[in-house]
Structure formats: structure tokens, C-alpha cells
Amino acid sequence: AQKMSSEHFQVVKLPALHYIHIKDINKNIVRVVAGPKTFYCEDFEEAGPVLKMVCIPPEHYAIVHNPVVRDEHGNVVVNDKGEDKLRHGDEEIRFNQDPFHLHFGEVCGPITPLPIIKENQAIVLQAKRDFEKGIEDHKANNGKEKEEDSQPRKAGEKWQLKGPLVYYPTVGVEIVKIVSAIVLGPNRGET
């Protein structure tokens, strides 16, 4: 990425899979410009640093804090001042997808491999909020929903899912631990 400045304008050359936040100094609003593109800043605009888009590989996920609000068609909702509307204090879990940029105010956590629960193992989960209709967007066993996942859950409630499965994390559900089965041999476990 290259930045050149002159008295009246700034030129930003954005390579593919990169983006910048452009601030309108008059309105104090920030927008996103994605590459590949050569962008010419107006006198009332400031370009932020050139940033790489987030790339989540297969079998991984990332938690985005303060995600933007989207309408039913997936378009970003803006407020009456023209700013991207954020869900402050909320989270969104994103899985493998095309590279994406972060809107101003969004923060991406680390990219983490999906937990793989083996035979004779289970994942212990705890609800951080109430789920009256069950956890609808939870996927286990490669996208096939399990019966345990459609039950209503109360905040603080713990449950486990038995392997083998790949666990797709859900907002509002915390992974407590992965446990292994204890195999009792002859004459063990008797009192």
C-alpha cells in the first residue's frame, strides 16, 4: 500500500484484500473503502491506516465484538447521521467465509480452530443468557442439529454434547471444558 500526499488531496493505493477507514472531518463519520482500488481523499477526508481483511480458514471461527446491524438482506444499517449502526456490547461468531473488512468500531478476536470432540469425549457448555426456544443457530456434527441443542436453556445452566462431533460455537454459550469418559475395569467402582 502506498500513500502520497499533495496540498489538496491524498492518494491511497489499496491492494486486494485490504481496506481503510475514511473519516469525513466535517460530519465526523467514518466509512470503509475496500481494495483493490486507488482512492483519492477529498480535502475534508482523512484516511486511516491500510488494514488487511480478516480471512477465516476452514474449520475455524472468530468472535467479532460490537458487530454492525444488518437488515434482512444482509446490508449494513446506518443511523440518521449516516454512521454504521453497531450492536455495542454484543458479539457475532463468524466461520469460514470470503475475506471481510471490519467496520469502524468492530473488533475481531483471535481466529480459533473449531473444537473437535472425539469418541468417548464430551464438551461441557454453559448458557450465558436465556434461550427460550433453544439454541437455534448451534451446529454440531457437521451442521446437523442435535436434539439436546433445541431445548430451552436458562442462564447458568450447564449441559454436555457427546462426541464424535465438531462443535460450532454460539453467541451466549460458553465452552466450559472437554471431558473424557472414564472407563472402569473389572472390580473398579464397586463399594
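This is a predicted model: local features need pLDDT of at least 70, side-chain atom pairs count only at pLDDT 80 or more; totals for chains, interfaces and linings use all residues.

Visitor: Which residues line the second largest pocket?

Guide: Its lining consists of Tyr 61, Ile 63, Glu 91, Ile 93, Lys 128, Pro 169, Thr 170, Val 171, Gly 172, Val 173, Glu 174 and Ile 175. Two or more of these residues come from each of strand E8 (60–65), strand E9 (91–95) and strand E16 (173–180). E16 provides the largest share, three residues.

Visitor: How do the residues of this lining divide into nonpolar, polar and charged?

Guide: In the second largest pocket, seven are nonpolar, two polar and three charged. For the largest pocket, the lining divides into four nonpolar, three polar and three charged residues. That pocket has a volume of about 190 Å³, and among the residues lining it are Asn 28, Glu 83, His 88 and Phe 104.

Visitor: Let us turn to a single residue. Is His 18 buried or exposed?

Guide: His 18 counts as buried because its relative accessible area is 18%, and buried means under 20%.

Visitor: Where does His 18 lie, and which residues is it in contact with, leaving aside its neighbours within four places in sequence?

Guide: His 18 belongs to strand E3, which covers residues 18–24. With those neighbours left aside, its contacts are Ala 34, Gly 35, Val 50, Leu 51, Lys 52 and Met 53.

Methods. Residues are numbered from 1 along each chain as its sequence is written. Side-chain values use heavy atoms; hydrogens and water are left out. Helices (H or I, at least four residues) and strands (E, at least two) are DSSP runs, numbered from the N terminus. Buried means under 20% relative accessible area, exposed over 50%, partly exposed in between (1.4 Å probe, protein chains only). Contact means heavy atoms within 4.5 Å. On a 1 Å grid over the protein atoms alone, a cavity is a set of points where a 1.4 Å probe fits but cannot get out, and a pocket is an open set with protein on both sides within 12 Å along at least five of seven lines; lining residues have an atom within 4 Å of a point. Grid points are joined across faces, edges and corners, and a volume is the space filled by probe spheres set on the points. Ala, Val, Leu, Ile, Met, Phe, Trp, Tyr, Cys and Pro count as nonpolar, Asp, Glu, Lys and Arg as charged, and the others, Gly among them, as polar.
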